[in-house]
Amino acid sequence: PSGQLSAANGLRQCKASLFEGGIRVGGFVHWPAVIKKHVSTLHAAVTSDFLPTVLDLLSIKHPQPSWAMDGMSLLPLLQGDVASTTPREKPLGFKLNKQVAWQEDAGADGVWKIIVNPKKGQCNDFSEPYGSMKDLRGPFLFNLTADPSEEHDLCSKFQSRCDKMFQAMKSFEDSIDFSQ
């Protein structure tokens, strides 16, 4: 088990899982004209942020402004106009087959994630404590700021937050089905 987690830097599970070991990867931006010094951030970004960032950079409005845009411009972060610790404005949604995850940045309360139907991904086994559970459907709720390895399911402790995030995640999933 320790070998299978080494590629995920100790995070739960592996690629093809929506646990952090399957979706969290480092990234970098090289833009010497704007980024003058090394800056490290835990600010989450996804590929859906590319379009809003480029549109913002070029001062262009989207040709279909009524279309939903899941991403957000990272230009203020790249230009140093906001602190690298500023909460992400828009939640992140992930769907891979039956797995669905939703992540929200709650500022001082941390970054929260809910996941349903998680899979082990390319790992050989589920990392405990989930490997012995009979119902792996979830939902499972984690505070990623306090628990980046997703070891403590907080859904029963924070039932209201769990319910609210579950509904937001379902709306995200429905929007994917609607857009197809």
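Me: Where in the chain is Ile60 found?
Reply: Ile60 lies in the loop between helix H3 (50-57) and helix H4 (75-78). Helices (H or I, at least four residues) and strands (E, at least two) are DSSP runs, numbered from the N terminus. The model is predicted: local features need pLDDT of at least 70 and side-chain atom pairs count only at pLDDT 80 or more, while totals for chains, interfaces and linings use all residues. Residues are numbered from 1 along each chain as its sequence is written, and side-chain values use heavy atoms, leaving out hydrogens and water.

Me: Is Ile60 buried, exposed or partly exposed, and why?
Reply: Compare its accessible area with the cut-offs: buried is under 20% relative accessible area, exposed is over 50%, and partly exposed is in between (1.4 Å probe, protein chains only). Ile60 has a relative accessible area of 44%, so Ile60 is partly exposed.

Me: Which residues form a nonpolar patch on the surface?
Reply: A patch takes residues with over 30% relative accessible area and no salt bridge, joining nonpolar side chains (Val, Leu, Ile, Met, Phe, Trp, Tyr) within 5 Å and like charges within 9 Å. A salt bridge puts a side-chain nitrogen of Lys or Arg within 4 Å of a carboxyl oxygen of Asp or Glu. Here Val54, Leu57, Leu58 and Ile60 form the patch, with about 350 Å² of accessible area together. Such areas come from the Shrake-Rupley method with a 1.4 Å probe; for residues, only the protein chains shown count as cover.

Me: How many helices and strands are in the protein chain?
Reply: The chain has five helices and four strands, and their order along the sequence is α-α-α-α-β-β-β-β-α. Of its 180 residues, 33% are buried. The chain exposes about 11400 Å², and carbon and sulfur atoms supply 56% of that.

Me: How many disulfides does a search of the whole structure find?
Reply: Look for a pair of cysteine sulfur atoms within 2.5 Å. The search finds two disulfides. In one, the sulfur atoms of Cys14 and Cys123 are 1.8 Å apart. This pair links distant parts of the chain, 109 residues apart: Cys14 is in the loop between helix H1 (2-6) and helix H2 (20-23), and Cys123 is in the loop between strand E3 (111-116) and strand E4 (140-143). Both Cys14 and Cys123 are buried.

Me: Why is the disulfide of Cys14 and Cys123 right-handed?
Reply: Because the torsion about its S-S bond is about 95°.

Me: What does a disulfide join to Cys155?
Reply: Its partner is Cys162, with S to S 1.7 Å. Cys155 and Cys162 are both buried. Numbering the bonded cysteines in sequence order gives the pairing 1-2, 3-4.
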